[in-house]
Amino acid sequence: MGIELEENTEQPTNQGIGIDIGIKELAVCSDKNIYKNINKTAKVRKLKKKKRRLQRRVSKKYSKNKKGECYCKTRNIVKSEKKVLKITHRLTNIRHNYLHQTTSEIVSRKPKFIVLEDLNVKGMMKNRHLAKDVWEQCFYEFYRQMKYKCRWNNIEFVTADRYYPSSKLCSCCGYIKKDLKLSERIYICPQCHNTIDRDYQASVNLMRYGLAV
Ligand SMILES: [Zn+2]
């Protein structure tokens, strides 16, 4: 029998929590709590669009006012650049506030330990399409906050080995699906036919990693 992703009706557990962080959702926890990717919300999307529009306007103004090799900064350009900067700060604020909310909420459930994957974000950055998403999600910041909040609350913070196959491992029979693609959101085990949400299974595997160490 596979573990299925049911509705979260359970009381907060006092056990360990494994957390799978990703692009689709910011964090999927082994206690079935899911935190969405804030960059996909309407509010953030609108701000990003506004920023892009302003940036385009600025670069157009620059080329319009170019004198020979020299770029002139008109008062209008200065004004628009200030607006861009303001939106950038706002976006950073929204993202970091959301991370604080999320990490505080996870810690408030008082698990004995928390397991996160070793972030080889650099490796992920090699994929151009992922790079922007990874950057926007601020994984490093999530990791940093989680770590110090654990320390403050006497929760053991565990980092799973970079080579621990948290996504590829079948949580039922231990089979390792070596050719698991990033597009496979549902994990189907060819050995025991366990069918399970990929990210949720990864979080369960990470939780078990924490139990074992
Ligand atoms: Zn299996």
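# Reading salt bridges and a zinc site

Biologist: Lys24 and Glu25 form a salt bridge, their closest N and O atoms being 3.8 Å apart. What counts as a salt bridge?

Modeller: A side-chain nitrogen of Lys or Arg must lie within 4 Å of a carboxyl oxygen of Asp or Glu. The structure holds 8 salt bridges. This is a predicted model, where local features need pLDDT of at least 70 and side-chain atom pairs count only at pLDDT 80 or more, while totals for chains, interfaces and linings use all residues. Residues are numbered from 1 along each chain as its sequence is written, and side-chain values use heavy atoms, with hydrogens and water left out.

Biologist: Is Lys24 buried, partly exposed or exposed?

Modeller: Buried means under 20% relative accessible area, exposed means over 50%, and partly exposed is in between, using a 1.4 Å probe and protein chains only. Lys24 is partly exposed because its relative accessibility is 41%.

Biologist: Which parts does the pair of Arg109 and Asp31 tie together?

Modeller: Their side chains meet in a salt bridge of 2.7 Å, N to O. Arg109 lies in the loop between α2 (75-108) and β4 (113-117), and Asp31 in the loop between β2 (25-29) and β3 (34-36), so the pair ties together parts that are 78 residues apart in sequence. Helices (H or I, at least four residues) and strands (E, at least two) are DSSP runs, numbered from the N terminus. Arg109 and Asp31 are buried.

Biologist: Where is Lys110, and how far is Lys110 from His129?

Modeller: Lys110 is found in the loop between α2 and β4. With a relative accessible area of 58%, Lys110 is exposed. Lys110 and His129 are 19 residues apart in sequence and 36 Å apart in space, C-alpha to C-alpha.

Biologist: Which residues are the protein donors of the zinc ion?

Modeller: Donors are N, O and S atoms within 2.8 Å of the metal (3.2 Å for Na, K and Ca); water is not among the atoms, so sites may look incomplete. Here the SG atoms of Cys170, Cys173, Cys189 and Cys192 lie 2.3 Å from the zinc ion. In sequence these donor residues are spaced C-x2-C-x15-C-x2-C.

Biologist: Why is the arrangement called tetrahedral?

Modeller: Four donors count as tetrahedral if all angles lie between 85 and 135 degrees. The 4 donor atoms around the zinc ion subtend angles of 107 to 111°, so the arrangement is tetrahedral. Cys170 is buried, at 2% relative accessible area, whereas Cys173 is partly exposed, at 32%.

Note on methods: Four donors count as tetrahedral if all angles lie between 85 and 135 degrees; four count as square planar and six as octahedral if opposite donors are over 155 degrees apart and all others between 65 and 115; anything else is irregular.
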